[in-house]
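Reader: I have a structure to go through, and I want to know what its labels rest on. Can we take them one by one?

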Amino acid sequence: GVFKKYQKEYRIEHAPELSVKPNILGKFLHYGTIRIKSTGSIFELKHISRPERIVRAIEEGSLSAAFSKSPDVAKLFREEENRELEFKSSLRFDYKAGNVNRELEKAPMKTIAAFLNSKGGYLVLGVSDQREPVGLAKDYRTLQRKDRDGFENHFTQTFNAAIGPEFRNLVKLWFHGAGGHDICVIQALPSPRPVYFKTDSAEHFYMRTGNITTSLKLSEIESYFRSRWPKKFS
């Protein structure tokens, strides 16, 4: 107001639905209304100058908050695989064959796509089926740069090709020591829109059901979209 200032605070989740509604005059003066849907509430910020900048700031801030706390590795190790947790021994090294197997890279990417399409989750790499840390050293040796940075760079290249660079900001890699080995905890947030896994010029849709990554049939996808993203597909 002119004589008083009013302030309201709203809790915004890490993946709010944001949209900008400019009016006719606002298009020329760069003003608009920001519509925010978060934690079941919908509210609007009206008469905002250059609202697209504010939307970007909200998105970046909500992601920073979601990734601000490192995962509790000890707690993850105590849990069984579930809808939001999975363990894999490597990203690309085949322990049975004793060499690189690029086909193995598909499994982690499918799991991450399923986390993005569901409620998010953690994929822990460098841990055997018996929940023993085996580390990432053998993965490192297959890379041009044989360290954590080289591993993350290769992960990003694989992710961008299989899922898409537009979703990379929803995923963060955390490296930890466990039993004298490096392990990688990959945290994926729920995506505000559907994510597809791309391979061999085809696209597949995955979600989590219990501790399993499940591929949906075309006849099942529409129903899931309407329940998972009701605003976008209503």
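Author: Start with contact: it means heavy atoms within 4.5 Å. Leaving aside neighbours within four places in sequence, T111 is in contact with E86, K88, L123, R208 and T213. The model is predicted, local features need pLDDT of at least 70, side-chain atom pairs count only at pLDDT 80 or more, and totals for chains, interfaces and linings use all residues. Residues are numbered from 1 along each chain as its sequence is written, and side-chain values use heavy atoms, with hydrogens and water left out.

Reader: Where does T111 lie?

Author: T111 lies in helix α4. Helices (H or I, at least four residues) and strands (E, at least two) are DSSP runs, numbered from the N terminus.

Reader: What makes T111 count as buried or exposed?

Author: Its relative accessibility is 2%. Buried means under 20% relative accessible area, exposed over 50%, and partly exposed in between (1.4 Å probe, protein chains only). So T111 counts as buried.

Reader: How far apart are T111 and I212 in sequence and in space?

Author: They are 101 residues apart in sequence and 8.6 Å apart in space, C-alpha to C-alpha.

Reader: Why is the pair of R208 and E86 called a salt bridge?

Author: The term needs a side-chain nitrogen of Lys or Arg within 4 Å of a carboxyl oxygen of Asp or Glu. For R208 and E86 the N to O value is 2.5 Å. That is within 4 Å, so the pair is a salt bridge. R208 lies in strand β12 (residues 206-209) and E86 in strand β4, so the pair ties together parts that are 122 residues apart in sequence.

Reader: Are R208 and E86 buried or exposed?

Author: R208 has a relative accessible area of 1%, so R208 is buried. E86 is at 8% and counts as buried.

Reader: What makes R148 and D182 a salt bridge?

Author: Their closest N and O atoms are 2.9 Å apart. The pair links distant parts of the chain: R148 is in helix α6 (residues 148-162) and D182 in strand β9 (residues 181-188), 34 residues apart. R148, at 33%, is partly exposed. D182, at 22%, counts as partly exposed too.

Reader: What is the volume of the second largest pocket?

Author: About 380 Å³. Of its 15 lining residues, the closest to the centre are K88, S89, S90, Y95 and D129. On a 1 Å grid over the protein atoms alone, a pocket is an open set of points where a 1.4 Å probe fits, with protein on both sides within 12 Å along at least five of seven lines; lining residues have an atom within 4 Å of a point. A volume is the space filled by probe spheres set on the points, which are joined across faces, edges and corners.
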